[in-house]
Amino acid sequence: MPPPKDVVKIAIQMVGAVPQLIELQQTKPLASVLKDVCDAWSLPNPERYALQYADGRQTYITESNRRDIKNGSILRLTTSPDQEAEQLYIGIQSKNVDVKTDSLKKLASLSHDVTFAQEFISRNGLKQIFSIVEEGNDTGEMLAHTLKAFTELMEHDFVSWENLSTVFIKKIVSYVNMNAVDASIQQLSLSILENMVPTSRLLFEVVKKEVTLDRLLTHLQVTNAQLQLKAMALLIALLLSATDTERQEMMDYLREKNIRQFIHKNIIHSPEPLGDEMAHYLYVLQSVSLNLCEHRMKMSMDPYSQDQRDLLQSLRQAAFELESEAPAGTFSTERRRSLCAKEFRKLGFLNNSNPAEDLRRAPPGLLALDNMVYFSRNTPNAYSRFILENSSREDKHECPFARSSIQLTLILCEILHIGEPCSETAQAFYPMFFGQDHFFEELFCICIQLVNKTWKEMRATQEDFDKVMQVVREQITRTLSLKPTSLELFKTRVNTLNYSEILKLRQTERLHQEETLAVPVLELREKLKPELLELIRQQRLLHLCEGTLFRKISSRRRQDKLWYCRLSPNHKVLHYGDVEEGVQSPPIESLTEKIPVADMKMLLVGKECPHTKEKSSGKQNKDVLELAFSIVHDVEEYCLNFIAPTRYEFCLWTDGLNVLLGKEMTSERTQTDLDVLLSMELKLRLLDLENISIPDNPPPIPKPPSNLNFCYDFSHAEQ
């Protein structure tokens with residue numbers, strides 16, 4: 001008996017007959033299996049029959065694919081592929097229109113099967129299809145079935161696309177260019193042309209010449225989503241097969257026709273959801289467009305090129321226009337050279353005597369220079385502000401415009417994958433790309449201003465340049481991952497994602513990486529919290545025992561006198577009193593005033609405090625509100641009012657007083673300290689588990705032993 005893997009239980013159907021349930025032995029020849037099946041139904045000539053799947057694509061069963069049959073599969077006994085191919089070959093040549101149409105319809109449905117396609121093509125069936133297209137004038141159902149069958153047959157690569165006749169190609173092109181033709185025929189024709197274009201340069205040139213971009217754009221702007229998709233597919237195929245020069249010309253023409261705006265409005269923001277195929281084509285269109293920058297990106301600056309030197313000089317003149325207005329004869333050549341070098345240094349070039357050297361690195365090459373020139377010409381105010389603002393800073397704190405621009409251009413090229421070949425499956429495009437002409441340059445203008453903003457937030461020096469650019473890269477990539485629909489939205493979001501936000505995100509991600517959010521670790525955190533909170537309470541009370549120097553503020557908000565307050569070592573009495581200037585830590589005996597902790601009723605903060613309720617406005621009042629707290633004791637009318645010297649002291653004192661009152665600590669410092677302590681404690685506890693994955697569920701507890709005889713009996717211990 002054969003092993004179970006070589007036997008599958010299946011059902012076989014036939015029209016007008018009771019289905020057979022058989023055990024198919026995979027080692028038995030298929031011809032023998034067919035004979036047994038035909039014998040069961042008393043059918044002669046088993047060689048005229050074949051098995052195919054009853055559901056799905058209804059593929060024919062052959063010796064090569066029979067191992068794919070699974071238990072429970074339902075097969076159907078049908079005419080063999082060679083018999084079917086012969087019948088259809090004759091049928092598509094029939095003079096009877098109905099017979100011919102039905103044959104073409106069946107041919108279109110069967111042509112996806114490789115076994116049938118091989119049989120049909122071997123009978124020179126494609127020649128008959130060519131004849132129907134080339135000689136016929138029909139543009140209805142018969143032609144649709146013919147084109148569908150042709151497309152399916154060509155998918156098997158038995159015949160080269162280069163074998164197509166010029167007459168056939170022009171006929172297909174005519175269907176694309178005609179207005180009064182069924183949409184399904186135009187879709188099939190566009191699909192055929194799309195498959196032709198990549199196969200040879202000759203076919204590309206024929207299609208490019210015969211199907212104009214205007215015609216493609218007409219198809220792209222219809223409401224039929226499938227026709228729109230096929231038009232986009234052919235456009236992408238033409239762009240990918242074109243030379244660099246041809247691609248540049250095509251993209252320039254598409255830009256003139258505002259194709260980006262149409263895509264942004266009517267495809268990306270269409271009420272219908274965007275399909276995967278269209279998303280891929282938009283990704284490719286974006287990639288092809290951005291890759292037009294590759295040539296400039298890989299080209300180093302030529303110091304002997306007058307055009308390039310003029311661009312470089314335009315940066316200096318735009319930034320220091322007033323200084324450059326002096327007549328040429330005013331300064332000597334040496335003086336003028338020295339002045340230019342000084343101005344190029346202010347622009348942020350490392351080699352200020354020969355700034356062209358900074359642009360010799362490729363990438364980003366001349367693309368960085370193009371971006372800087374675009375920024376200076378299209379946003380002159382922002383450009384001047386950037387340069388002048390940094391010119392007024394100390395040398396070590398100034399943000400170098402040129403150096404930043406060169407590095408930023410390189411970062412943007414890497415993020416946007418400029419110079420990389422298009423992926424065959426990617427669908428990740430940026431919607432805002434299609435909503436903006438000169439996308440790359442406009443994105444640079446936003447990001448170079450972001451560099452300056454982040455530089456100031458980090459209080460960076462020249463030594464921090466790489467750190468700043470790393471943060472900027474992170475700001476850009478995180479914002480782009482949100483897929484903003486416009487550059488304005490990108491600008492808003494990327495500026496919101498400031499340096500402090502980046503630090504918070506990094507901390508959160510670090511916690512994730514350390515697996516501190518795993519279920520067992522979270523449980524451990526909860527168990528550790530009470531102990532660590534008690535530690536924080538003790539620290540707060542210890543700080544109160546050490547005491548703090550406060551200032552009294554009069555009704556006019558003038559800080560007149562100093563006073564000191566501290567908690568007694570037994571935590572039962574608050575001692576306070578006035579002190580002289582310069583006294584840092586007076587002894588507790590010198591503080592004459594006292595408040596028993598038992599008499600303290602509540603703690604007030606901010607606007608609730610009586611000493612902040614006087615009407616006042618301005619920044620000082622706001623600062624006072626953030627640092628004010630009061631202790632209500634004995635009767636509610638009597639309060640001891642405080643203005644903490646710093647926010648840190650405010651947090652420690654309010655926490656300490658809440659502990660004395662038996663309440664929870666509520667300041668932001670408590671959470672910060674708790675997080676630090678928890679992080680440290682967890683790291684110490686988990687040291688032995690480094691590089692070991694922590695399961696979400698605890699391991700099972702083993703069953704208790706059958707007896708406890710192994711336990712030591714202490715009653716028999718030696719005396």
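My entries follow, topic by topic.

**Ground rules**

I am working from a predicted model, where local features need pLDDT of at least 70, side-chain atom pairs count only at pLDDT 80 or more, and totals for chains, interfaces and linings use all residues. I number residues from 1 along each chain as its sequence is written, and side-chain values use heavy atoms, with hydrogens and water left out.

**The largest core**

I started with nonpolar cores, meaning sets of buried Ala, Val, Leu, Ile, Met, Phe, Trp, Tyr and Cys residues joined through side-chain atoms within 4.5 Å. For burial I use relative accessible area: buried is under 20%, exposed is over 50%, and partly exposed is in between (1.4 Å probe, protein chains only). In soluble globular proteins, nonpolar side chains tend to be buried together.

Which residues touch the most other members of the largest core? They are Phe150, Met232, Leu408, Ile476 and Phe490, in a core of 146 residues. Helix H21 (residues 439–458) gives this core its largest share, 12 residues. I take helices (H or I, at least four residues) and strands (E, at least two) as DSSP runs, numbered from the N terminus. Domain 2 (83–272) and domain 3 (298–321 + 334–510) each supply at least three residues to this core; the domain bounds come from an automatic or database domain assignment.

I then picked out Ile476 and listed its contacts (heavy atoms within 4.5 Å). Leaving out residues up to four places away in sequence, Ile476 touches Leu408, Leu412, Ile415, Cys447, Leu450, Phe490 and Val494.

**Aromatic rings**

Next I looked at ring pairs: rings of Phe, Tyr and Trp (its six-membered ring) pair if their centres lie within 6.5 Å, with planes under 30 degrees apart stacked, over 60 edge-to-face and the rest tilted. The count comes to 25 aromatic pairs. I noted Phe150 and Phe168, a tilted pair at 4.9 Å centre to centre with 55° between the planes. Phe150 sits in helix H6 (residues 141–154) and Phe168 in helix H7 (residues 166–177), so this pair ties together parts 18 residues apart in sequence. Both Phe150 and Phe168 are buried.

I also found a cluster linked by ring pairs: Phe550, Trp563, Tyr576, Phe629, Phe642, Phe650 and Trp653.

**Strands**

I checked strand E11 (residues 639–643) and found 4 of its 5 residues buried. E11 pairs with strand E10 (residues 628–633) in the antiparallel sense over 5 bridges; for two strands to pair, DSSP must find at least two bridges between them. Ala628 has Ile643 of E11 as its bridge partner.

In strand E6 (residues 559–567) I looked at Leu562, which counts as buried at 7% relative accessibility. The C-alpha atoms of Leu562 and Arg551 are 4.5 Å apart, although the two residues are 11 residues apart along the chain.

**Helix H13**

Why do I call helix H13 (residues 259–268) largely enclosed by the rest of the structure? Because 7 of its 10 residues are buried. The buried residues of H13 are Ile259, Arg260, Phe262, Ile263, His264, Ile267 and Ile268. What covers them includes helices H10 (213–220), H11 (225–241), H12 (244–256) and H14 (276–290), along with H21.

**Cysteines**

I counted disulfides, pairs of cysteine sulfur atoms within 2.5 Å, and got 0. Cys422 is in none, and its nearest cysteine sulfur, that of Cys293, is 13 Å away. Cys422 is partly exposed at 24% relative accessible area. The sulfur of Cys447 is 9.4 Å from that of Cys445, its closest, which is too far for a bond. Cys447 counts as buried, at 0% relative accessibility.

I saw a cis peptide bond from Ala362 to Pro363, with omega near -5°. The bond from Pro363 to Pro364 is cis too, with omega near 5°. Pro363 lies in the loop between helix H17 (333–346) and helix H18 (366–378), and Pro364 is in the loop between H17 and H18.

Ser42 is not a glycine but has a positive phi of about 60°. Ser42 lies in the loop between helix H1 (30–40) and strand E3 (49–53), and is exposed at 63% relative accessible area. His417 has a positive phi near 60°, sits in the loop between helix H20 (401–415) and H21, and is partly exposed at 43%.
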